[in-house]
Amino acid sequence: MRAAGKIAALLPPTPLLPIDIGGTRIHAKCDNLQPIGAFKIRGAWHRLTDLTPKERAAGVVAVSSGNHAQGVAWAARELGIAAAIVMPANAPRVKLDATRALGAEIILYDRAGGEDRDAIANALCDERGRTLVHAYADPWVIEGQGTMGIEIAAQLGREPSHIIVCCGGGGLAAGLALACPSAAIHPVEPEGWDDVARSLATGEIQRVGPNPPRTICDSIQTPSTAPINFRVLRERASPGVTVSDAEVRAAQRFAFAKLQVVVEPGGAAALAAALAGKVPLDEWTVVTITGGNTDADAFARSLLTDE
């Protein structure tokens, strides 16, 4: 895969660490240790490095709650490309500040009020003549995220039997399904935000329902998957599962105690499903730890309370 070569030339592989869950030793792929603290750097770099000279000169627009924002902003800074990111006004402050620090312009929208971030981003692209770098509904982004699967297979010496993956719009899940076609892909979403699981169950794309519950998993809080992702997942993914905030906090504590790593809530969802016994485990199972962008106060609350 060409994307894997591009990522390997830019970044060293992130660790694949053994962990014991209920007497079974599995592996944790720690992409929270990427330079931006999340796996999103993979897809962003692959997409931006394939822009034409004209597209580079015009700049890019992205939509994100924070991790894709930082991936695009980091890649844009390295390549000298202007980047505008549409982000929710209630995104974690640590993610907003980090994106600004990387030089990106931020356009805030009201996620709680139902504003359509994709409509805002598309309008910006039309107005400024820029290229949209979608967080998951983009073939380059999907392929770039799939480089995690190439690394996993190389580190294991074979394809994994199961990959348990934190899932928002399905970019990483689709990329892993393409990179590791023999592996069972298990998407994990927050309770009430299980549009991918319901889409897989019904055979048609479903949206998150009206007035969905609050979740601490801001990074995988998306309204629906997209046709490009669903086409891949419909053929290759196992049924999706959901996790509660309490289960996610337990996973954050487990990762801190057993792996000595800081994991944000959305980045701990897959581990939460494994710890809660919601997905099958064997010695060739890999659980993705996808992000570590959380502030000290929020992380301390996760360590000290289930609430």
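**Ground rules**

I am working with a predicted model, in which local features need pLDDT of at least 70 and side-chain atom pairs count only at pLDDT 80 or more, while totals for chains, interfaces and linings use all residues. Residues are numbered from 1 along each chain as its sequence is written, and side-chain values use heavy atoms, with hydrogens and water left out.

**Entry 1**

I took helices (H or I, at least four residues) and strands (E, at least two) as DSSP runs, numbered from the N terminus. I counted two strands as paired if DSSP finds at least two bridges between them. By way of background, strands of a sheet pair through backbone hydrogen bonds, either parallel or antiparallel.

I found an open sheet of six strands in the order β1-β2-β10-β7-β8-β9, with mixed pairing. Its edge strands are β1 and β9 (241–243), each of which pairs on one side only. For directions I used axes, which are lines fitted to C-alpha atoms, for helices over the stretch in contact, with angles running from 0 to 180 degrees between N-to-C directions. Neighbouring strands of this sheet are turned by 30° against each other on average, direction ignored.

I then followed strand β1 (residues 16–21), which runs antiparallel to strand β2 (residues 24–30) and is joined to β2 by six bridges. In this pair P18 stands opposite H27. The two strands form a hairpin with two residues between them, and G22 in the turn has a positive phi of about 60°.

On the next pairing, I noted that β2 and strand β10 (residues 285–289) are parallel, with four bridges, and that A28 stands opposite V287 in β10. Helix α8 (residues 147–156) packs on the sheet, where α8 touches β1, β2 and β10, and the direction of α8 makes about 135° with that of β2. I took contact to mean heavy atoms within 4.5 Å.

**Entry 2: two packed helices**

How are α1 and α8 placed against each other? Helix α1 (residues 2–10) packs against α8 at an angle of about 75°, with the axes 9 Å apart. The two helices are therefore roughly perpendicular to each other, where angles under 35 degrees count as roughly parallel, over 145 as roughly antiparallel, 65 to 115 as roughly perpendicular and the rest as oblique. From α1 the contact involves A3, A4 and I7, and from α8 it involves T147, I150 and E151. I sorted residues so that Ala, Val, Leu, Ile, Met, Phe, Trp, Tyr, Cys and Pro count as nonpolar, Asp, Glu, Lys and Arg as charged, and the others, Gly among them, as polar. By these classes the contact has four nonpolar residues, one polar and one charged.

**Entry 3: the parallel sheet**

I found a further open sheet, made of four strands in the order β5-β4-β3-β6 with parallel pairing. The edge strands here are β5 (105–109) and β6 (131–133), each pairing on one side only. Strand β4 (residues 83–88) pairs with β5 over five bridges in the parallel sense, and I85 stands opposite I106 in β5. Helix α5 lies across β4 and β5 and runs at about 175° to β4.

Which residues does I107 touch, not counting residues up to four places away in sequence? I107, which belongs to strand β5, touches A84, I85, V86, M87, I120 and L124.

**Entry 4: pocket and cavity**

Grid points are joined across faces, edges and corners, and a volume is the space filled by probe spheres set on the points.

The largest pocket has a volume of about 1200 Å³. It is lined by 44 residues, of which N90, R111, W193, T215 and Q221 are the closest to its centre. The lining of the largest pocket comprises 16 nonpolar, 14 polar and 14 charged residues.

In the whole structure I found one cavity of 30 Å³ or more. The largest cavity holds about 290 Å³ of space. Among its 30 lining residues, F39, K40, G168, S219 and I220 are the closest to its centre. Helix α9 gives the most to this lining, with three residues.

Conventions:
1 Å grid on protein atoms, 1.4 Å probe; cavity = no way out; pocket = protein on both sides within 12 Å on 5 of 7 lines; lining within 4 Å.
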